[in-house]
Number of protein chains: 2
Amino acid sequence: MVDKSQVVEALRKVVDPEIGVNIVDLNMLRGIRIRGKSVSVTIALTVPSCPLVDKIKADVEDAIRGIKGVERAEVQFTSMTEEEREEIFSRFDPRKVVMKLPKMGIRHIVAVTSGKGGVGKSVVTGLLAVNFRRLGFDVGILDGDLTGSSIAKIFRMDRVVIDSSGITPAVTNLGIKILSMNLILERAEDPVIWRGPLINKALKELYLGAKWGSLDYLVIDLPPGTSDAPLTIFQAFPIDGIVVVTSPQELVGMVVGKAINMAKRMGVRILGLIENMSYFECPKCGERMELYGTSRGDVVAKRQGIPFLGAMPVDPRISRLCDSGRIENYNSPLFTKIAKKVLDALNETRIPPVMPPMACSTGICKG
Amino acid sequence: MVDKSQVVEALRKVVDPEIGVNIVDLNMLRGIRIRGKSVSVTIALTVPSCPLVDKIKADVEDAIRGIKGVERAEVQFTSMTEEEREEIFSRFDPRKVVMKLPKMGIRHIVAVTSGKGGVGKSVVTGLLAVNFRRLGFDVGILDGDLTGSSIAKIFRMDRVVIDSSGITPAVTNLGIKILSMNLILERAEDPVIWRGPLINKALKELYLGAKWGSLDYLVIDLPPGTSDAPLTIFQAFPIDGIVVVTSPQELVGMVVGKAINMAKRMGVRILGLIENMSYFECPKCGERMELYGTSRGDVVAKRQGIPFLGAMPVDPRISRLCDSGRIENYNSPLFTKIAKKVLDALNETRIPPVMPPMACSTGICKG
């Protein structure tokens, strides 16, 4: 006997060709009826008379017929209410998914994310950039955390130059180009009390307005959460992949799981997982302790089906160097290894994802 | 000789009667001219023909005349462009500032904030509620962090009941009423991929829709940042005050400074500062270490002019209890003291702040 959950799982593989997200996550699946070996499903289309309906119908039928024990598949269509459509579009705005910002001549863009705050995204961002730079690459950092900017401080950068020709990023000792909201504010403790729309606009303007010059790698530091800033960067920025940072705490793992699932739903490539604060060695007696629970980054990565990049200890040296703006002086063979794994993943030859057709965004559907 | 910075500082004491924020932060101060003992300033009004202009004029003149060495004060008015006004309203929406949500019969509402993620807001929220409850009060927790909800996990709560009459919060062993996004989601790792407007709407609906019953204290756990969720809670929720959580890292202190400045600008009462992760004692050799830099919560609090509530160590017991959902089993005389200080601050007799008149919000200004 076929089970409803089998049908749901099968339909998770059917992707809306316009939005690029599977139809279950898009809340398009509205009904499943199973009678013996016949399965009938109801699908709500975002736009009632979309010409892509045939493509969706064929994909749904194929997916259902692929379930063991199913002989007949039937698809019925309904369409979303204005409200439902808006809710979907606010999450997965198809126009923005398709119309990525230009790559500005930057070879690779990688975002560092977590979902959870305080796990070390900014430190990982900084160390990735430093290690890429040490290998001789041209590297930039965009601090995507506008309300909690940390990047300027850990590199002890002061100001960027803004004139009519654009924003000239600050340049560190090693030669990394840096752009952060805190380089624009008058005082580092000035709050950026902006709602989402302003945050999204500013993110795009910082990226597009900066004179990056030629860059091999741009590393973007993301704020916590799965709301505006990460959503805009996942949707509109031409990122090649993300690095996810977690800590051993189960609580953290749960929230980080949200960010991983967000990336998966949005079709963003996950380069791998780094576990920070995995352990601590007492500098006096050498005792090795798990301050935040048992390290299990490798297990989490395996369960999520993403590469595990490595575990970093709690290291008071990092805090000290970051607080004094000297992150570029931090040497760790362990992190160098992690950075190389990220480089390898970025440079792996991959079949580029098929760009979803723009049909419904271009107005063809209206007829 | 009078100095411009003296004039700016004096005008920081003049509050726009409609918005409830000082005119300097509102970007209303557009020019200062000093000629001997005469000071002339230009003020941009949000609305050109507002009847409150006389009140603002008088306040500005008084403030300037209060500066030593000034004999004559003159005020000229201009008005903001549509764009400037919108920017201000997106930050300080005056309608929302004035029209707070009802208090729902709850005696005291306190929000736990930080600006920075991962410093222990949820743990502090949980421990405040637990300690209030142990003293015999009726206590509730609203998890205001919709995208990174932690509260349900640390109390091992499962589900809330939602029916036509509203949301019935989950109740812990100790009898604390809990409402969190994770009690509504099907799986704890489901991401909440919402932009700001949806977050704000959901926050209000959770608060208003919950059957809190009679509560002495409602503790709200806020997400990091100074964008939508904290902004909505500061503006629209009838909170009595906030508790700010920081850690010794300078980097963290800087971001927490943003949150403190946000609260000050918005006229939110700060009950005090808690420093978390201040130190760690090796359980083997007893060595006391500063993992994240030198503890200086008291210094920060003093500099910010807010009470210092206490310093908490890195304690692997807390991580363990939180991960297993048993935060209610955590006992710490140190934290009990902190909780009592918060209670004392909340129960202090204070002159209630004068409610700003609603003039310009009610359309009177249009004429």
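Contact means that heavy atoms lie within 4.5 Å of each other. The views below show a predicted model.

**View 1. The sheet of chain A.** In chain A, three strands form an open sheet in the order β1-β2-β3. The pairing within this sheet is mixed. Strands β1 (29–35) and β3 (72–79) of chain A are the edge strands, and each of them pairs on one side only. From one strand to the next, the twist averages 15°.

**View 2. Strands β2 and β3 of chain A.** Strand β2 (residues 38–45) of chain A is joined to β3(A) by eight bridges. These two strands run parallel. Within this pairing, A:L45 of β2(A) has A:S79 in β3(A) as its bridge partner.

**View 3. Helices on the sheet of chain A.** Helix α1 (residues 4–11) of chain A packs on the sheet and touches β1 and β2 of chain A. The direction of helix α1 makes about 135° with that of β1(A). Helix α2 (residues 53–65) of chain A also packs on the sheet, where it touches β2 and β3 of chain A. The direction of helix α2 makes about 140° with that of β3(A).

View 4. Two copies of a chain are related by a rotation about an axis and a shift along it.

Methods
Residues numbered from 1 in each chain as written. Chains lettered and ligands numbered in written order. Predicted model: local features only at pLDDT ≥ 70, side-chain atom pairs only at ≥ 80, totals over all residues. Heavy atoms only, no water. Pairing = 2+ DSSP bridges. Helix = DSSP H or I, 4+ residues; strand = E, 2+ residues; numbered from the N terminus. Axes fitted to C-alpha atoms, helices over the stretch in contact; angles between N-to-C directions.
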